[in-house]
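Reader: Hi! Could you walk me through this one while I have it open?
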Amino acid sequence: MACASSCRAGEAHAGYTYGECLRSQNVGVMGLESTGNGLGGYTADKKMHSENAAYAAARKEGLQPKAPTMAAVDAAKRNADLAGNASGTITVEA
């Protein structure tokens with residue numbers, strides 16, 4: 001009998017346990033790989049990826065967000081719009 005339904009080796013794996021067979025097939029779980037301890041789930045993973053992409057896009061524009069979050073990126077964009085420059089600082093000419 002095969003050690004797992006996805007096992008193609010069949011009787012060749014007769015000495016393996018079910019866990020050993022799955023580990024040898026590199027089975028993974030989608031959506032849990034990059035949200036800290038893996039308890040965030042797929043939605044948290046998507047949110048983190050979109051926030052990181054927004055932060056990277058803001059840095060390419062020359063903005064300086066204080067953190068890789070949407071709130072920080074939006075604040076950096078507002079500051080840059082108000083100041084009229086990418087750094088978001090108001091300069092006074094003497």
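Author: Happy to. One term before we start: helices here are DSSP runs of H or I with at least four residues, numbered from the N terminus. By that count, Glu51 sits in helix α2. Do keep in mind that this is a predicted model.

Reader: Good to know. How many helices and strands are there in the chain?
Author: The chain has three helices and zero strands. Read from the N terminus, the order is α-α-α.

Reader: And what is the mean pLDDT of the chain?
Author: The mean is 75, with 60% of the residues at 70 or more. Where pLDDT is low, the predicted coordinates should not be read in detail.

Reader: What does Ala54 touch, leaving out residues up to four places away in sequence?
Author: Ala54 is in contact with Met70 and Val73. Val73 is itself one of the core residues.

Reader: Where does Leu63 lie?
Author: Leu63 is in the loop between α2 and α3.

Reader: Why does Leu63 count as buried?
Author: Because its relative accessibility is 5%, and buried means under 20%. Leu63 and Lys77 are 14 residues apart along the chain, with 7.2 Å between their C-alpha atoms.

Reader: Back to Glu51. Which side chain of opposite charge is nearest to it, and how far away?
Author: That would be Lys47, at 4.2 Å. Glu51 is buried, yet it has no salt bridge. The cut-off for a salt bridge is a Lys or Arg side-chain nitrogen within 4 Å of a carboxyl oxygen.

Reader: Which residues does Glu51 touch, again skipping those up to four places away?
Author: Glu51 touches Pro68, Thr69 and Met70. Met70 is also a contact of Ala54.

Reader: Switching to the whole chain: what share of the residues is buried?
Author: Buried residues are 21% of the 94 in the chain. The chain exposes about 7,100 Å², and carbon and sulfur atoms supply 56% of that area.

Reader: Last one. Of the contacts between residues at least 6 apart in sequence, what share joins residues at least 24 apart?
Author: That share is 3%.

Key: Residues numbered from 1 in each chain as written. Predicted model: local features only at pLDDT ≥ 70, side-chain atom pairs only at ≥ 80, totals over all residues. Heavy atoms only, no water. Core = buried A, V, L, I, M, F, W, Y, C linked by side-chain atoms within 4.5 Å. Buried < 20%, exposed > 50% of the residue type's maximum accessible area, 1.4 Å probe, protein only. Contact = heavy atoms within 4.5 Å. Helix = DSSP H or I, 4+ residues; strand = E, 2+ residues; numbered from the N terminus. Areas by Shrake-Rupley, 256 points an atom, 1.4 Å probe, with all protein chains shown as cover. Lys, Arg positive; Asp, Glu negative; His and termini not counted. pLDDT = per-residue confidence, 0-100.
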